[in-house]
Amino acid sequence: MVVAIEPVVTQRELLPEEIRNPYFPAEVEDISGQSVWACMQCGTCSGSCQFAEQMDYTPRRIMEMVRTGLREQVLASKAIWYCASCYSCTVRCPRGIQVTRVMMTLKSLALRAGYVNPREDAPAFYDSFLRVLRMFGRVHEPTLVAAYALRTRPTRVLGMMPMALGLVRRGRMAPLPDRTRSLGEVRRLMEAVERVRTSESAGAREVGVRAQSEPRATGQEVVVR
C-alpha cells in the first residue's frame, strides 16, 4: 500500500555517513548482474514471498537498504537466509529484477564478510549441503542431516530417527553413502564456481573504487514507504 512518496536522496542524506557504504549498491549489482536502481518499491516481491512475515526486513526493504548503502544491516539480517529461492518474487517483479539472485549475492557476501554465525540454521544447512556434495558428488540425506544437526542442535537427530529408520526399511533412503562415478568432475565444477565468485568479488571491489570517483546521480529516484 502506498503511504507516501518522497525523493530518496532526501531520506538518504538524513542518515549518518558512518552507517552508509556508498559502494555497496555497485558491489551487489556487479556480482548479481541485477540493477537494484531499477526497483520502484512496489512491494510485489514482499507480497509474493512465503516467508516475508518471518523476516526482520521484507524483500522490498532489503532492496531499498541495499540502495541506501546499509551494508552491515543487510548482511547481518536474518531475512536473506529465509529466502528459499522459490523465484516467486523474480517471476512477478514488474521491473524484471531477479530478486532471488540479489538474495543469493547477499548470502555470499555475508558469509565472506563474517556476518554469519555458522551455527545458525540456514548457514549451517547451506555449508553442510556443500560439504556432503563435495564428499560424495551427490546428496546423502543421513550424512547431511547428521552434519547439519551436529553444527546446530545435535539432539534433533534423536527426533528424526523413527522417520529415518522407516525410510530405510522401505528402501526410500540408503543407509550408506554412494559416491558418484563423476566425483572428480563435480569437485572441479565446484572449484570453478568458487574461482568465479572470487573473481566477481574482486571486480566488485574495483567497481566500488570507481564509484567513489564517479558518484551516482540519485535526484530523480523516489521511494515508497
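The axes of helix 4 (residues 59-68) and helix 8 come within 11 Å and cross at roughly 65°; axes are lines fitted to C-alpha atoms over the stretch in contact, with angles from 0 to 180 degrees between N-to-C directions. Helices are DSSP runs (H or I, at least four residues) numbered from the N terminus. The model is predicted, with local features requiring pLDDT of at least 70 and side-chain atom pairs pLDDT 80 or more, while totals for chains, interfaces and linings use all residues. Residues are numbered from 1 along each chain as its sequence is written, and side-chain values use heavy atoms, without hydrogens and water.

In this contact (heavy atoms within 4.5 Å), P59, I62, M63 and V66 of helix 4 meet V99, V102, M103 and L106 of helix 8. The contact residues comprise 8 nonpolar, no polar and no charged; Ala, Val, Leu, Ile, Met, Phe, Trp, Tyr, Cys and Pro count as nonpolar, Asp, Glu, Lys and Arg as charged, and the others, Gly among them, as polar.

Helix 8 also contributes 3 residues, the largest share, to the lining of the largest cavity. A cavity is a set of points on a 1 Å grid over the protein atoms alone where a 1.4 Å probe fits but cannot get out, and lining residues have an atom within 4 Å of a point. Of the 16 residues lining the largest cavity, C49, C83, A84, C86 and C89 lie nearest its centre. By class, this lining has 12 nonpolar, 4 polar and no charged residues.

Conventions:
1 Å grid on protein atoms, 1.4 Å probe; cavity = no way out; pocket = protein on both sides within 12 Å on 5 of 7 lines; lining within 4 Å. Helix = DSSP H or I, 4+ residues; strand = E, 2+ residues; numbered from the N terminus.
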